[in-house]
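Subject: Structure handover

Hi,

Here is the structure for you to look at. My notes on the metal sites follow below.

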Amino acid sequence: MTLHQLSYYLFPGQCILCKKLTRRRLDICLACEADLPWLLNCCPYCAEPSTTLLPCARCLQKPPVFSATLSGFEYRFPIDTLIHAFKDRQFLSSGYVLTHLAYRHHRQTLRNVRGEGLLVVPVPLHPRKNRARGFNQSLLIAQQLANLIPAKLDKSLLTRVIDAPDQKELPLAARKLNLKDNFDVTRILDGNRVLLVDDVITTGATITEISHRLVQSGASDVVVFSVARTPPSQPNTGALLQ
Ligand SMILES: [Zn+2]
Ligand SMILES: [Zn+2]
């Protein structure tokens with residue numbers, strides 16, 4: 001990431017949160033890193049934050065089409081602020097640091113997932129949104145992740161075909177409807193495993209829709225990676241306790 005490298009030379013190891021020098025090759029100090037809302041207990045399928053490591057009631061009832069979700073953090077302060085700074089103010093160091101930490105959190109699993117034919121695939125933005133923002137944040141995360149694993153990046157496997165209204169403004173049922181025919185897989189896969197990359201997972205509607213299309217197009221397995229996962233609206237105490 002050229003801009004990140006440039007900022008590193010200009011401000012070597014400055015913490016993105018407390019602004020102190022970090023004395024390490026990462027722009028976050030050890031104290032701020034330890035205080036982040038790491039995602040430790042969650043559903044193994046959809047990574048919804050929980051108090052246990054058991055599948056959530058929803059996934060237990062209907063296992064999702066993707067086999068696992070690897071998320072680094074709960075989507076709450078300061079992760080939400082850092083991700084907004086990354087997406088909306090092009091504060092690339094913030095995206096770089098969070099991706100690096102989320103990768104490290106799941107390094108062992110990602111090593112197990114790695115194998116011949118693994119494709120690292122970002123969730124695409126609609127071209128119009130991409131032009132307005134100047135970049136696709138999921139592509140930057142996927143690029144960095146593909147370098148770290150290492151694995152092959154495939155940034156043209158998925159395309160977004162309809163410009164949907166902002167998902168956040170719609171109720172869940174409408175979100176699913178709204179996503180219909182929203183993504184295309186551009187070629188047939190040869191049993192590849194796909195690591196599908198997004199910045200934040202909220203309802204899981206987008207990754208569910210894309211994973212269906214990937215499997216229909218010949219993917220053998222889809223594993224999802226995201227920097228952050230939103231907490232449930234109701235506290236999730238694990239399927240056995242509900
Ligand atoms: Zn700090
Ligand atoms: Zn779940």
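Donors here are N, O and S atoms within 2.8 Å of the metal (3.2 Å for Na, K and Ca); water is not among the atoms, so sites may look incomplete. This is a predicted model: local features need pLDDT of at least 70, side-chain atom pairs count only at pLDDT 80 or more, and totals for chains, interfaces and linings use all residues. Residues are numbered from 1 along each chain as its sequence is written, chains are lettered from A and ligands numbered from 1 in the order in which they are written, and side-chain values use heavy atoms, with hydrogens and water left out.

Zinc ion (ligand 1)

The spacing of its donors along the chain is C-x2-C-x10-C-x2-C. They are the SG atoms of Cys15, Cys18, Cys29 and Cys32, at 2.3 to 2.4 Å. The site is tetrahedral (four donors, all angles between 85 and 135 degrees), with angles of 100 to 118 degrees. Cys18 sits in the loop between α1 (2–10) and α2 (30–35), and Cys32 in helix α2, so this pair ties together parts 14 residues apart in sequence. Helices are DSSP runs of H or I, at least four residues, numbered from the N terminus. Cys18 is partly exposed at 30% relative accessible area. Cys32 is buried at 16%. Buried means under 20%, exposed over 50%, partly exposed in between (1.4 Å probe, protein chains only).

Zinc ion (ligand 2)

Cys43, Cys46, Cys56 and Cys59 coordinate this ion through SG, at 2.3 to 2.4 Å. The spacing is C-x2-C-x9-C-x2-C. Angles run from 101 to 116 degrees, and this site is tetrahedral. Cys56 is buried at 2%. Cys59 is buried at 5%.

Best wishes

Key. Tetrahedral: all angles 85-135°; square planar, octahedral: opposite > 155°, others 65-115°. Helix = DSSP H or I, 4+ residues; strand = E, 2+ residues; numbered from the N terminus.
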